[in-house]
Each structure stands twice: as structure tokens, then as C-alpha cells.
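Hi,

Here is the structure I promised to pass on. My notes on it follow below.

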Amino acid sequence: MRIQDMPEFRNRDSVLTRTKDTTVADAVKAMSDRNYGSCVVTDGQGKLVGIVIERDIMRRVVNQNLDAATTELSEVMTANTKTAKADDDVMDCMRQMSNGRFRHMPVVDGDGKLVGMTSQGDFVAYTWPELFSRVKQNAAASLFGRSAQV
């Protein structure tokens, strides 16, 4: 399955974006208001510049005693962000995120413009029905004396 075919991707609310001169405090407020774990940094034309996640704020702002009201996203964002394309395979992206230990992956077009976001939560939602189906099959098999494993 491709990312663009996932209901979680197609039905997602808009991605939270800000420009690199936005203060961390402003980004945190927007993230908090929307209950988002990330803010994508764009160049104002929609092209991806970086990403700021909760972990960046904790490590690069709070832990460094920076003032969120005066620190700009450009100072704490992760540049050279791993990205996906909408037609990338879901499992390939999930593997890349898991191996890289990151939870958010911006989805861009061929010009590097942001078209969406995918997250580990999306992948959990994608795999959850399959997991429940296997558990159900194994439970039924156990009832009839066959052993099965999840």
C-alpha cells in the first residue's frame, strides 16, 4: 500500500507549518492548541526546510536554557529531514522511521514542497486491524485445540 492510499493520510487535518523565523514559543503554542507533536518548518512557499518535534524542544531549548520567546525555529529545528513521497510504500516508510527512531515524516512532492505528514501513529492505525484479525484467528484456533501464535 502507498502512503497516499492510507485513510490516515488522506483524512488528516492540515499539517502545522511555520517559517524558520517563528519563535519556539509561538510554535509550541500552536502545537499545544492543536495537540500536535511536531511543526514543519517551510520557506513560506511551502518548501520543506526542517521540522521541530517535542524532543527538539526538550533537548535544544529547555535543556540548553534557551528563551523560547526569543529563540527562532531555525536555531533548533532538524534540517535535512527524512521525507517520503505520497506514492512511497507504507511498510518501507514504517521501517525507515523505526530504524531511524523518529515518529514524524513529512511527505513532499518532487519539488520538495510539503503535501502532508505521516507518523508512527498512522502506521499503528494501519497495522491494528491486521493484528486484531490474527489475535481473533488464534483465539478461535485455541478454542478448537489447535495451537497458534501471534
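The accessible surface of the protein is about 9200 Å², and carbon and sulfur atoms hold 47% of it (Shrake-Rupley method, 1.4 Å probe). Please keep in mind that this is a predicted model, where local features need pLDDT of at least 70, side-chain atom pairs count only at pLDDT 80 or more, and totals for chains, interfaces and linings use all residues. Residues are numbered from 1 along each chain as its sequence is written, and side-chain values use heavy atoms, without hydrogens and water.

The protein has 6 helices and 5 strands (DSSP runs, H or I of at least four residues for helices and E of at least two for strands, numbered from the N terminus). Of its 150 residues, 34% are buried, meaning under 20% relative accessible area with a 1.4 Å probe, protein chains only.

Now for the pockets (on a 1 Å grid over the protein atoms alone, open sets of points where a 1.4 Å probe fits, with protein on both sides within 12 Å along at least five of seven lines; lining residues have an atom within 4 Å of a point). The largest pocket holds about 310 Å³, a volume being the space filled by probe spheres set on the points. Its lining has 16 residues, and Ile51, Ile53, Asp56, Thr78 and Phe102 lie nearest the centre. Strand S3 (48-53) and helix H3 (54-62) each give two or more residues to this lining, with H3 giving the most, 4 residues.

The second largest pocket has about 180 Å³ of space; among the residues lining it are Arg12, Asp13, Tyr36, His104 and Met117.

Best wishes

How values were computed. Buried means under 20% relative accessible area, exposed over 50%, partly exposed in between (1.4 Å probe, protein chains only).
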